[in-house]
Amino acid sequence: MADIIGDLGYFCETAPDGEAALEKLTAAPFDVIISDLMMPRMDGFELLRTLFDRGDMTPAIVLTGAGSIDQAISIVHDLRAFWFLEKPARPAVLATLLERAMQHKSLVKETERLHRQLSQRGYLADLVGTSQQMREIFSLIQQIAPSSASVLITGESGTGKELVASAIHKLSPRAARPFVAVNCAALPESLIESELFGHEKGAFTGAVGRRAGCFEQAHQGTLFLDEIGDMPLAMQPRLLRALQEATIRRLGATSEISVDVRVLAATNKFLAELIQAKLFREDLFYRLNVFQIAIPPLRERKDDILPLTDAIIRDLNTKYDYHVTDIHPAALERLHDYSWPGNVRELKNVLERALIAAREGTLLPAHLARNFGVNNSIPAPAEIASSPSGNSISMEAGRPLSELEKAYIQLTLKSTGNNKKRAAQILGISLRTLHSRVTEFAAEEEMKRESASG
C-alpha cells in the first residue's frame with residue numbers, strides 16, 4: 001500500500017497499529033489517514049474513535065476485507081471516516097479517493113481560516129463582539145469546538161449562553177448532526193426524566209406511544225442543557241450515569257440504548273454555592289465542567305454595544321422589511337449610558353421597539369422608549385435618611401440607584417447582626433454577590449477618606 005501511494009506521488013508514513021499511528025499523528029500533521037480495521041493493540045475502530053474524541057479532522061479512508069462492507073459503511077457513518085476502500089486496493093480507485101480526501105482537507109482548512117478571520121472582525125457563528133472579553137471567548141470556542149469534551153457556559157440571563165453553545169456545535173465535527181436544546185428550568189419535575197430519556201408506551205398515564213427523549217434525538221450531535229442549576233436533585237444521578245456510561249433507558253423499558261452525545265450545559269447560578277447547599281451534585285459538576293466559558297454581562301463589555309446594535313438592526317430590517325440605515329450618535333450614547341440588567345436580550349428588545357417606531361433612515365433618540373434609561377440630570381439632594389427606629393430608610397427622588405442599594409444592603413446586614421448568609425437570602429442575591437458589594441463599599445469609603453486627608 002505504501003509503495004502504491006508513493007508511486008502516486010505522495011509521501012507516505014506507515015504504522016503497524018493504532019497506538020503507533022497516534023504517536024505519529026501527535027508528532028506531526030498529516031493530510032490523509034488510511035487505516036485497516038483489524039490491527040493489534042489498537043484496532044481501526046478505537047483509532048478513529050480516539051481521533052474523533054480529540055477533534056482531529058484528518059480525513060480517514062478505511063480498508064475493509066470481503067464481507068465487511070456494511071461494517072465499513074457503519075464506520076463512515078458513526079465515526080466520520082471519509083470513505084472506505086475494499087481490499088485489495090486498486091491504484092486507480094485509491095488515487096481518486098486520495099485526491100478527494102486532499103480536497104476535503106483543504107476545504108476544512110479554508111473554513112477554519114475564514115472562521116478565524118471573521119472572529120478577528122467580531123463575528124463567530126451567530127455571536128457578535130469586538131471587546132477583548134469576547135475575542136477571548138471566540139478563541140476558546142475555536143479551541144474546544146473540535147473535541148467532544150463537555151463545556152459549562154456561565155453568565156447572567158440574556159448574555160447569549162445558547163448562542164455560545166450553538167457556535168461550539170457549528171464549529172465541531174458534529175455540525176451536520178442535531179443540536180437539541182432543553183431548558184431544565186421550564187420542565188416540571190415529573191416530566192424531565194421522560195423529556196431527557198424518553199418513554200415506552202404505557203410507562204405512565206398519558207404515555208400513548210413510544211417517545212424518544214432528547215438524548216436519542218441528539219444522537220451523534222450535541223445536547224444543550226440550559227439552566228442546569230435548576231435540575232431537580234433526584235434527577236441528577238440519572239444524568240450523571242448517562243454521561244458516564246453513554247447509555248440511557250427509556251421510562252418503562254427493560255433494556256438500555258447506547259447514545260453518542262456531546263453535552264453542553266449552561267447556568268446563570270453559582271453552582272459552587274448550590275453544591276455547598278447540597279442542591280447540586282459535585283460529581284455531576286466536575287463531569288459537566290471539563291471546560292468553562294464565562295460570559296461577562298453587557299455592562300462590563302460596552303465596546304460590544306455598537307457591533308451588536310449594527311447586527312441586530314440588520315436582522316430586524318430583514319424580519320420586518322424595514323430600511324433603518326444607522327443609529328444616531330446621541331441614541332448610541334444613551335445605549336452606552338444604560339446599565340443593561342437584561343443584557344443582550346434587553347438590548348434586542350429595546351432596538352426592536354425603536355425600529356418599529358423608525359421603520360427607515362437613521363435611528364434617533366426619539367425612537368427609543370420615553371422611559372428608557374436613567375435621567376442623570378436631576379440634582380442630587382441631601383443624604384439618605386434612616387428612620388428613628390433604624391429599621392427603614394427614606395430617599396428623595398433624584399438619588400442614584402446605587403446609593404439606595406448600598407443603604408439597603410447595609411441596613412439588612414445591621415438587622416441580621418452582620419450575618420451575611422442570612423442577609424443574602426433576604427436580599428435575594430448570592431453570597432458571592434453580597435461579598436463583592438461589601439468589598440466595593442469598603443473601597444469607596446477608603447477612597448473618600450484618602451481624598452479628605454489629602
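## Leu251 and its surroundings

Leu251 touches Glu193, Ser194, Gly198, His199, Glu200, Ala203, Phe204 and Arg238, leaving aside residues up to four places away in sequence, where contact means heavy atoms within 4.5 Å. Leu251 sits in the loop between β9 (247-248) and β10 (257-258); helices (H or I, at least four residues) and strands (E, at least two) are DSSP runs, numbered from the N terminus. With a relative accessible area of 23%, Leu251 is partly exposed, a class that lies between buried, under 20% relative accessible area, and exposed, over 50% (1.4 Å probe, protein chains only). Arg211 is 40 residues from Leu251 along the chain, and the C-alpha atoms of the two are separated by 9.6 Å.

## The model as a whole

This is a predicted model, in which local features need pLDDT of at least 70 and side-chain atom pairs count only at pLDDT 80 or more, while totals for chains, interfaces and linings use all residues. Residues are numbered from 1 along each chain as its sequence is written, and side-chain values use heavy atoms, with hydrogens and water left out.

The protein has 18 helices and 16 strands, and 41% of its 454 residues count as buried. Among contacts between residues at least 6 apart in sequence, 65% join residues at least 24 apart.

## A parallel sheet of three strands

An open sheet is formed by 3 strands in the order β1-β2-β3, and the pairing is parallel; two strands pair if DSSP finds at least two bridges between them. Because β1 (33-36) and β3 (83-86) stand at the edges, each with a single partner strand, one side of each is left without a neighbour in the sheet. From one strand to the next the twist averages 30 degrees.

Between β1 and β2 (residues 60-64) the parallel pairing runs over 4 bridges, and Ile34 stands opposite Ile61 in β2.

## Helices α2 and α3

Helix α3 (residues 44-54) lies across β1 and β2, and runs at about 145 degrees to β1; axes are lines fitted to C-alpha atoms, for helices over the stretch in contact, and angles run from 0 to 180 degrees between N-to-C directions. Helices α2 and α3 pack with their axes 10 Å apart, at an angle of about 30 degrees. The two helices are therefore roughly parallel to each other, a description used for angles under 35 degrees. Their contact is made by Gly18, Ala21, Leu22, Leu25 and Thr26 of α2 together with Leu47, Thr50, Leu51 and Arg54 of α3.

In helix α2 (residues 18-27) the buried residues are Gly18, Ala20, Ala21, Leu22 and Leu25, and what covers them includes β1 and α3. An α-helix has 3.6 residues a turn, so residues three or four places apart point the same way. Asp17 caps the N-terminal end of α2, with a side-chain oxygen lying 3.1 Å from the backbone nitrogen of Glu19.

## An enclosed helix

Helix α7 (residues 161-170) is largely enclosed by the rest of the structure, because 7 of its 10 residues are buried. The buried residues of α7 are Lys161, Val164, Ala165, Ser166, Ala167, Ile168 and His169.

## Two residues with positive phi

Glu227, although not a glycine, has a positive phi of about 55 degrees. Glu227 lies in the loop between β8 (222-226) and α10 (236-245), and is buried, with a relative accessible area of 12%.

Arg359 is not a glycine either, and has a positive phi of about 70 degrees. Arg359 is found in the loop between α15 (343-358) and β14 (360-363), and is partly exposed, with a relative accessible area of 47%.

Technical notes: A polar contact is a pair of N or O atoms within 3.5 Å; within protein, one must be able to donate a hydrogen and the other to accept it, and residues adjacent in sequence count only if both atoms are side-chain atoms. Angles under 35 degrees count as roughly parallel, over 145 as roughly antiparallel, 65 to 115 as roughly perpendicular and the rest as oblique.
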